[in-house]
Amino acid sequence: MDASTQPFTPSADLAKSSIADAVVGQADNPLFIRKPATEDGWGIYELVKSCPPLDVNSAYAYLLLATQFRDSCAVATNEEGEIVGFVSGYTKHSAPDTYFLWQVAVGDKARGTGLARRLVEAILSRPELASVRHLETTITPDNTASWGLFKRLADRWQAPLNSREYFSTDQLGGEHDPENLVRIGPFDPQRI
């Protein structure tokens, strides 16, 4: 296998509790939540590819997220360093109290563990995001898993959830379902 096609798994050295923002899961199967690093770019790309119906961006885009936007993104790894969860987003320049969540991906090995919620809350608990009081994202009307996650977050944070169509099918080239803008907030950071 040549180097251009060889799968990349981040170093298990990055899967240590001393580096993690949070350790979740069972004692015999811990998951480590932390900021992404350059070494995670390919693993994030591979994870997102394995999580339909997510839109897959280029490996380069995930490298940029893992480096340029690392303070507002998170990965979850198992003890071997395999990336099993990822959340990307950013604080909106025009509304610094709003975090826009771009993508949530949880691999088969970590589904059903509440990892998506823990990733989101780990990011929003960081000092860099202390002024955030609203979370926004876009969701297609038929993505029941994402709707469920964001409704649970709103309930957990005791905050209102509102949505409206944001991008129409026509705006998305006619080959993509419409995207609804979903907004949770304002929320009290103490509830996270």
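View 1. Helices (H or I, at least four residues) and strands (E, at least two) are DSSP runs, numbered from the N terminus. Of the 192 residues in the chain, 46% are buried, where buried means under 20% relative accessible area, exposed over 50%, and partly exposed in between (1.4 Å probe, protein chains only). Among contacts (heavy atoms within 4.5 Å) with a separation of 6 or more, 61% are between residues 24 or more positions apart. The accessible surface is about 10,100 Å², with 49% of that belonging to carbon and sulfur atoms; the areas come from the Shrake-Rupley method with a 1.4 Å probe, and for residues only the protein chains shown count as cover.

**View 2. The largest pocket, at about 1,100 Å³.** A pocket here is an open set of points on a 1 Å grid over the protein atoms alone, where a 1.4 Å probe fits, with protein on both sides within 12 Å along at least five of seven lines; lining residues have an atom within 4 Å of a point. Points are joined across faces, edges and corners, and the volume is the space filled by probe spheres set on them. The lining takes in 42 residues, with Leu54, Gln103, Val104, Asn143 and Ser146 nearest the centre. Elements giving two or more residues to this lining include β4 (83-92), α3 (115-124) and α4 (144-157). Strand β5 gives the largest share, seven residues. By type, the lining splits into 22 nonpolar, eleven polar and nine charged residues.

**View 3. Arg34 and its partner Asp40.** Arg34 sits in strand β2 (residues 29-34). With a relative accessible area of 2%, Arg34 is buried. Its side chain meets that of Asp40 in a polar contact of 2.8 Å (a pair of N or O atoms within 3.5 Å; within protein, one must be able to donate a hydrogen and the other to accept it, and residues adjacent in sequence count only if both atoms are side-chain atoms).

**View 4. Leu172 in a loop.** Look for Leu172 between β7 and β8 (179-184). Leu172 counts as partly exposed because its relative accessibility is 31%. Leaving out residues up to four places away in sequence, Leu172 touches Phe167, Asp177, Pro178 and Glu179.

**Notes on the views.** Residues are numbered from 1 along each chain as its sequence is written, and side-chain values use heavy atoms, with hydrogens and water left out. For this predicted model, local features need pLDDT of at least 70 and side-chain atom pairs count only at pLDDT 80 or more, while totals for chains, interfaces and linings use all residues.

How values were computed: Nonpolar A, V, L, I, M, F, W, Y, C, P; charged D, E, K, R; others polar.
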